[in-house]
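Work through the exercises below with the model open beside you. Try each task before you read its solution.

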Amino acid sequence: MSYKIDLKEGILTFTIDREEKRNAVNDEVMDGLKKVIKHIKENKDVRFLVITGAGEKAFCSGGDLSEFHSLKTAEEAFGMLSKMGNILYELATLHVPTIALINGTAVGGGCEIATACDFRLVARHAKCGFIQGTLAITTGWGGGTYLFERGLRHDRALKMLIDAKPYDAQTLYDIGWAMRVFDGPKEEALEAFIEDMKKVHPSVHHAYKEIELRKWRERNVYGRVMEEIRLCAKLWESEEHEKAVERFLSKSSSQK
(Lines give C-alpha, C1' and ligand atoms only; values in the text may rest on other atoms or scores of the structure.)
Protein backbone atom coordinates (compact mmCIF):
# COMPACT_ATOMS: atom_id res chain seq x y z
CA MET A 1 0.00 0.00 0.00
CA SER A 2 1.37 3.42 -0.99
CA TYR A 3 -0.34 5.30 1.82
CA LYS A 4 -1.57 5.07 5.40
CA ILE A 5 -4.75 6.49 6.88
CA ASP A 6 -5.09 7.14 10.59
CA LEU A 7 -8.19 8.62 12.21
CA LYS A 8 -7.84 9.48 15.88
CA GLU A 9 -9.84 11.98 17.96
CA GLY A 10 -11.14 13.75 14.87
CA ILE A 11 -7.74 14.12 13.21
CA LEU A 12 -7.46 12.20 9.96
CA THR A 13 -3.83 11.83 8.91
CA PHE A 14 -3.04 10.74 5.36
CA THR A 15 0.58 9.62 5.03
CA ILE A 16 2.14 9.04 1.62
CA ASP A 17 4.13 5.89 2.31
CA ARG A 18 6.60 5.53 -0.56
CA GLU A 19 9.79 6.54 1.19
CA GLU A 20 11.96 4.72 -1.38
CA LYS A 21 10.38 6.94 -4.06
CA ARG A 22 10.64 10.11 -1.99
CA ASN A 23 6.89 9.77 -1.46
CA ALA A 24 6.11 10.46 -5.11
CA VAL A 25 2.46 10.34 -6.15
CA ASN A 26 1.23 7.36 -8.18
CA ASP A 27 -2.30 6.25 -9.05
CA GLU A 28 -2.65 4.40 -5.75
CA VAL A 29 -1.85 7.56 -3.75
CA MET A 30 -4.41 9.48 -5.83
CA ASP A 31 -7.04 6.84 -5.11
CA GLY A 32 -6.19 7.00 -1.40
CA LEU A 33 -6.71 10.76 -1.34
CA LYS A 34 -10.06 10.33 -3.10
CA LYS A 35 -11.02 7.79 -0.45
CA VAL A 36 -10.35 10.13 2.50
CA ILE A 37 -12.04 13.10 0.80
CA LYS A 38 -15.15 10.98 0.21
CA HIS A 39 -15.11 9.86 3.86
CA ILE A 40 -14.85 13.44 5.14
CA LYS A 41 -17.72 14.58 2.93
CA GLU A 42 -19.98 11.74 4.03
CA ASN A 43 -19.15 11.64 7.74
CA LYS A 44 -18.88 14.07 10.63
CA ASP A 45 -16.11 12.34 12.56
CA VAL A 46 -13.24 14.31 11.01
CA ARG A 47 -12.31 17.76 12.34
CA PHE A 48 -8.91 18.16 10.66
CA LEU A 49 -7.25 16.61 7.61
CA VAL A 50 -3.48 16.31 7.84
CA ILE A 51 -1.29 15.39 4.84
CA THR A 52 2.27 14.23 5.48
CA GLY A 53 4.96 11.89 4.16
CA ALA A 54 6.69 8.83 5.58
CA GLY A 55 10.19 9.30 7.00
CA GLU A 56 12.08 12.54 7.44
CA LYS A 57 13.59 13.13 3.99
CA ALA A 58 10.56 13.82 1.81
CA PHE A 59 7.04 15.16 2.20
CA CYS A 60 6.35 14.47 -1.48
CA SER A 61 8.45 14.77 -4.63
CA GLY A 62 5.45 15.25 -6.93
CA GLY A 63 4.27 12.87 -9.62
CA ASP A 64 6.23 9.66 -10.06
CA LEU A 65 7.96 10.34 -13.38
CA SER A 66 9.09 6.71 -13.68
CA GLU A 67 5.38 5.88 -14.04
CA PHE A 68 4.01 8.99 -15.76
CA HIS A 69 6.85 9.43 -18.27
CA SER A 70 5.06 6.99 -20.56
CA LEU A 71 2.45 9.70 -21.15
CA LYS A 72 3.55 11.48 -24.33
CA THR A 73 0.74 13.53 -25.82
CA ALA A 74 -1.04 16.52 -24.35
CA GLU A 75 -4.24 14.49 -24.25
CA GLU A 76 -2.59 11.64 -22.33
CA ALA A 77 -0.95 14.08 -19.91
CA PHE A 78 -4.23 15.94 -19.37
CA GLY A 79 -5.87 12.69 -18.24
CA MET A 80 -3.36 12.21 -15.41
CA LEU A 81 -2.99 15.90 -14.56
CA SER A 82 -6.73 16.56 -14.42
CA LYS A 83 -7.31 13.47 -12.26
CA MET A 84 -4.96 14.83 -9.60
CA GLY A 85 -6.09 18.40 -10.26
CA ASN A 86 -9.68 17.46 -9.46
CA ILE A 87 -8.60 15.59 -6.33
CA LEU A 88 -6.64 18.62 -5.10
CA TYR A 89 -9.59 20.92 -5.82
CA GLU A 90 -11.84 18.63 -3.79
CA LEU A 91 -9.25 18.65 -0.99
CA ALA A 92 -8.83 22.43 -1.11
CA THR A 93 -12.58 22.98 -0.90
CA LEU A 94 -13.29 20.67 2.04
CA HIS A 95 -15.10 22.32 4.92
CA VAL A 96 -12.60 21.07 7.51
CA PRO A 97 -9.20 22.74 8.04
CA THR A 98 -6.47 21.04 6.01
CA ILE A 99 -2.86 20.99 7.18
CA ALA A 100 0.29 20.07 5.25
CA LEU A 101 2.66 18.65 7.87
CA ILE A 102 5.86 19.00 5.87
CA ASN A 103 8.34 16.52 7.31
CA GLY A 104 10.87 16.82 4.48
CA THR A 105 11.40 18.06 0.94
CA ALA A 106 8.27 19.09 -0.98
CA VAL A 107 8.99 19.77 -4.63
CA GLY A 108 7.02 19.91 -7.85
CA GLY A 109 3.58 18.42 -7.31
CA GLY A 110 4.46 17.92 -3.65
CA CYS A 111 4.65 21.69 -3.29
CA GLU A 112 1.29 21.93 -5.08
CA ILE A 113 -0.32 19.53 -2.59
CA ALA A 114 1.03 21.59 0.30
CA THR A 115 -0.18 24.84 -1.28
CA ALA A 116 -3.68 23.42 -1.74
CA CYS A 117 -3.88 22.91 2.05
CA ASP A 118 -5.01 25.73 4.35
CA PHE A 119 -1.89 25.62 6.55
CA ARG A 120 1.74 24.60 6.00
CA LEU A 121 3.92 23.53 8.94
CA VAL A 122 7.49 23.03 7.76
CA ALA A 123 10.29 21.08 9.45
CA ARG A 124 13.39 23.25 9.78
CA HIS A 125 15.47 20.93 7.60
CA ALA A 126 12.87 20.76 4.81
CA LYS A 127 13.07 22.58 1.50
CA CYS A 128 10.12 23.27 -0.78
CA GLY A 129 9.73 24.62 -4.28
CA PHE A 130 7.91 24.56 -7.60
CA ILE A 131 10.73 22.97 -9.61
CA GLN A 132 8.50 22.14 -12.58
CA GLY A 133 10.29 24.81 -14.64
CA THR A 134 13.46 22.68 -14.62
CA LEU A 135 11.43 20.03 -16.47
CA ALA A 136 10.19 22.58 -19.03
CA ILE A 137 6.61 22.48 -17.73
CA THR A 138 4.48 24.56 -15.36
CA THR A 139 2.52 23.55 -12.29
CA GLY A 140 -0.06 21.05 -13.50
CA TRP A 141 -2.30 20.19 -10.56
CA GLY A 142 -3.58 23.71 -9.86
CA GLY A 143 -0.72 24.71 -7.55
CA GLY A 144 -0.01 27.96 -9.35
CA THR A 145 -3.62 29.06 -9.03
CA TYR A 146 -3.72 28.17 -5.31
CA LEU A 147 -0.44 30.01 -4.69
CA PHE A 148 -1.87 33.23 -6.10
CA GLU A 149 -5.01 32.72 -3.98
CA ARG A 150 -3.13 32.14 -0.70
CA GLY A 151 -2.44 35.79 0.01
CA LEU A 152 1.27 35.90 -0.74
CA ARG A 153 2.53 39.15 -2.20
CA HIS A 154 2.28 38.83 -5.98
CA ASP A 155 5.98 39.35 -6.62
CA ARG A 156 6.96 36.73 -4.04
CA ALA A 157 4.49 34.17 -5.40
CA LEU A 158 5.55 34.73 -9.00
CA LYS A 159 9.24 34.56 -8.12
CA MET A 160 8.71 31.30 -6.23
CA LEU A 161 7.17 29.82 -9.39
CA ILE A 162 9.71 31.07 -11.91
CA ASP A 163 12.77 30.50 -9.71
CA ALA A 164 11.93 26.79 -10.05
CA LYS A 165 14.11 25.86 -7.10
CA PRO A 166 13.59 24.71 -3.50
CA TYR A 167 13.56 27.39 -0.78
CA ASP A 168 14.74 26.71 2.77
CA ALA A 169 12.25 26.71 5.63
CA GLN A 170 13.15 30.16 6.95
CA THR A 171 12.71 31.73 3.50
CA LEU A 172 9.35 29.98 3.13
CA TYR A 173 8.28 31.49 6.45
CA ASP A 174 9.62 34.95 5.56
CA ILE A 175 7.65 35.12 2.29
CA GLY A 176 4.46 33.89 3.98
CA TRP A 177 4.14 30.44 2.40
CA ALA A 178 4.92 28.54 5.61
CA MET A 179 2.85 29.35 8.68
CA ARG A 180 5.27 27.73 11.10
CA VAL A 181 8.75 26.23 11.08
CA PHE A 182 9.20 23.48 13.62
CA ASP A 183 11.96 21.52 15.30
CA GLY A 184 11.52 18.08 16.83
CA PRO A 185 8.79 15.49 16.22
CA LYS A 186 6.14 16.49 13.69
CA GLU A 187 3.40 15.06 15.90
CA GLU A 188 4.27 17.55 18.64
CA ALA A 189 4.31 20.42 16.15
CA LEU A 190 0.86 19.44 14.90
CA GLU A 191 -0.59 19.12 18.40
CA ALA A 192 0.72 22.55 19.40
CA PHE A 193 -0.66 24.10 16.19
CA ILE A 194 -4.22 22.81 16.58
CA GLU A 195 -4.41 23.16 20.39
CA ASP A 196 -6.57 26.29 20.28
CA MET A 197 -8.55 25.28 17.19
CA LYS A 198 -9.66 22.07 18.90
CA LYS A 199 -11.49 24.15 21.53
CA VAL A 200 -13.75 25.71 18.88
CA HIS A 201 -16.84 23.89 17.62
CA PRO A 202 -16.38 22.40 14.11
CA SER A 203 -19.39 24.31 12.80
CA VAL A 204 -17.40 27.52 13.25
CA HIS A 205 -14.52 26.09 11.24
CA HIS A 206 -16.95 25.10 8.50
CA ALA A 207 -18.51 28.57 8.45
CA TYR A 208 -15.18 30.35 8.06
CA LYS A 209 -14.09 27.99 5.30
CA GLU A 210 -17.36 28.67 3.50
CA ILE A 211 -16.54 32.39 3.47
CA GLU A 212 -13.33 31.64 1.60
CA LEU A 213 -14.94 29.10 -0.71
CA ARG A 214 -17.65 31.60 -1.64
CA LYS A 215 -14.88 33.95 -2.78
CA TRP A 216 -13.27 31.12 -4.77
CA ARG A 217 -16.54 30.38 -6.56
CA GLU A 218 -16.93 34.06 -7.47
CA ARG A 219 -13.40 34.06 -8.85
CA ASN A 220 -13.96 30.83 -10.80
CA VAL A 221 -10.98 29.13 -9.16
CA TYR A 222 -12.02 25.74 -10.56
CA GLY A 223 -12.08 27.04 -14.13
CA ARG A 224 -8.66 28.65 -13.64
CA VAL A 225 -7.27 25.39 -12.25
CA MET A 226 -8.47 23.54 -15.35
CA GLU A 227 -6.87 26.17 -17.61
CA GLU A 228 -3.61 25.78 -15.70
CA ILE A 229 -3.76 22.01 -16.24
CA ARG A 230 -4.42 22.39 -19.99
CA LEU A 231 -1.40 24.69 -20.30
CA CYS A 232 0.83 22.20 -18.51
CA ALA A 233 -0.47 19.34 -20.67
CA LYS A 234 0.44 21.31 -23.79
CA LEU A 235 4.01 21.83 -22.53
CA TRP A 236 4.18 18.16 -21.47
CA GLU A 237 4.27 16.93 -25.09
CA SER A 238 7.11 19.29 -26.04
CA GLU A 239 10.56 18.02 -27.00
CA GLU A 240 12.10 20.18 -24.26
CA HIS A 241 10.10 18.37 -21.57
CA GLU A 242 10.92 14.96 -23.02
CA LYS A 243 14.65 15.71 -22.92
CA ALA A 244 14.49 17.25 -19.43
CA VAL A 245 12.74 14.17 -18.00
CA GLU A 246 15.25 11.84 -19.64
CA ARG A 247 18.10 13.81 -18.05
CA PHE A 248 16.30 13.70 -14.66
CA LEU A 249 15.68 9.95 -14.79
CA SER A 250 19.23 9.28 -15.96
CA LYS A 251 20.65 11.36 -13.10
CA SER A 252 18.37 9.63 -10.56
CA SER A 253 19.41 6.21 -11.85
CA SER A 254 23.14 7.03 -11.62
CA GLN A 255 22.73 8.14 -7.99
CA LYS A 256 21.29 4.79 -6.85
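## Exercise 1: The strands around β5

In β7, L121 is the bridge partner of L101. The model is a predicted one.

**Task.** Find how β5 pairs with β7, and in which sense.

**Solution.** 
1. Locate the two strands. β7 covers residues 119–123, and β5 covers residues 98–102.
2. Read the direction. β5 and β7 pair in the parallel sense.
3. Count the bridges. There are four between β5 and β7.

**Task.** Now state how β3 pairs with β5, and which residue stands opposite A100.

**Solution.** 
1. β3 spans residues 48–53.
2. β3 and β5 also run in the parallel sense, over three bridges.
3. The residue opposite A100 of β5 is I51.

**Task.** Step on to β2: how many bridges join β2 to β3?

**Solution.** 
1. β2 is made of residues 11–16.
2. Six bridges join β2 to β3, and the two run parallel.

## Exercise 2: Buried or exposed?

**Task.** Decide whether the residues of β3 are buried or exposed. Then sort them by the way they point.

**Solution.** 
1. Recall the cut-off: a residue is buried under 20% relative accessible area.
2. Six of the six residues of β3 are buried, so the strand is largely enclosed by the rest of the structure.
3. F48, V50 and T52 point one way. L49, I51 and G53 point the other way.

**Solution.** 
1. Five of the five residues of β5 are buried, and the strand is mostly covered.
2. T98, A100 and I102 point one way from β5.
3. I99 and L101 point the other way, and these are buried too.

## Exercise 3: Loop residues

**Task.** Where do R22 and A164 lie, and what is the phi of each?

**Solution.** 
1. Start from the rule. Most residues other than glycine have a negative phi.
2. R22 has a phi near 55°, a positive value. R22 sits in the loop between β2 and α1 (27–42).
3. A164 has a positive phi too, near 55°. A164 sits in the loop between α6 (154–163) and β9.

**Task.** Why does R22 count as partly exposed, and why does A164 count as buried?

**Solution.** 
1. Buried means under 20% relative accessible area, exposed over 50%, and partly exposed in between.
2. R22 is partly exposed because its relative accessibility is 40%.
3. A164 is buried because its relative accessibility is 12%.

**Solution.** 
1. L135 is in the loop between β8 and α5 (143–149).
2. L135 has a relative accessible area of 13%, so it is buried.
3. Check its distance to E20, 115 residues apart along the chain: their C-alpha atoms are separated by 22 Å.

## Exercise 4: Surface, pocket and cavity

**Task.** Which residues form the nonpolar surface patch?

**Solution.** 
1. The patch consists of V200, V204, Y208 and I211.
2. Together they have about 360 Å² of accessible area.
3. I211 belongs to helix α9 (residues 202–218).
4. I211 is partly exposed because its relative accessible area is 47%.

**Task.** What is the volume of the largest pocket, and which element gives the most to its lining?

**Solution.** 
1. The volume is about 1200 Å³.
2. The lining counts 42 residues, with K21, R22, S61, F248 and S252 nearest the centre.
3. α11 gives the most, five residues.

**Task.** Which residues line the largest cavity?

**Solution.** 
1. The space in this cavity is about 30 Å³.
2. Its lining is H69, L71, K72, W236, H241, E242 and V245.
3. Helix α11 (residues 239–254) supplies the largest share, three residues.

How values were computed
Residues numbered from 1 in each chain as written. Predicted model: local features only at pLDDT ≥ 70, side-chain atom pairs only at ≥ 80, totals over all residues. Heavy atoms only, no water. Buried < 20%, exposed > 50% of the residue type's maximum accessible area, 1.4 Å probe, protein only. Pairing = 2+ DSSP bridges. Patch = residues over 30% accessible without salt bridge, like charges linked within 9 Å, V, L, I, M, F, W, Y side chains within 5 Å. Areas by Shrake-Rupley, 256 points an atom, 1.4 Å probe, with all protein chains shown as cover. Salt bridge = Lys/Arg side-chain N within 4 Å of Asp/Glu carboxyl O. 1 Å grid on protein atoms, 1.4 Å probe; cavity = no way out; pocket = protein on both sides within 12 Å on 5 of 7 lines; lining within 4 Å. Points joined across faces, edges and corners; volume = space filled by probe spheres on them.
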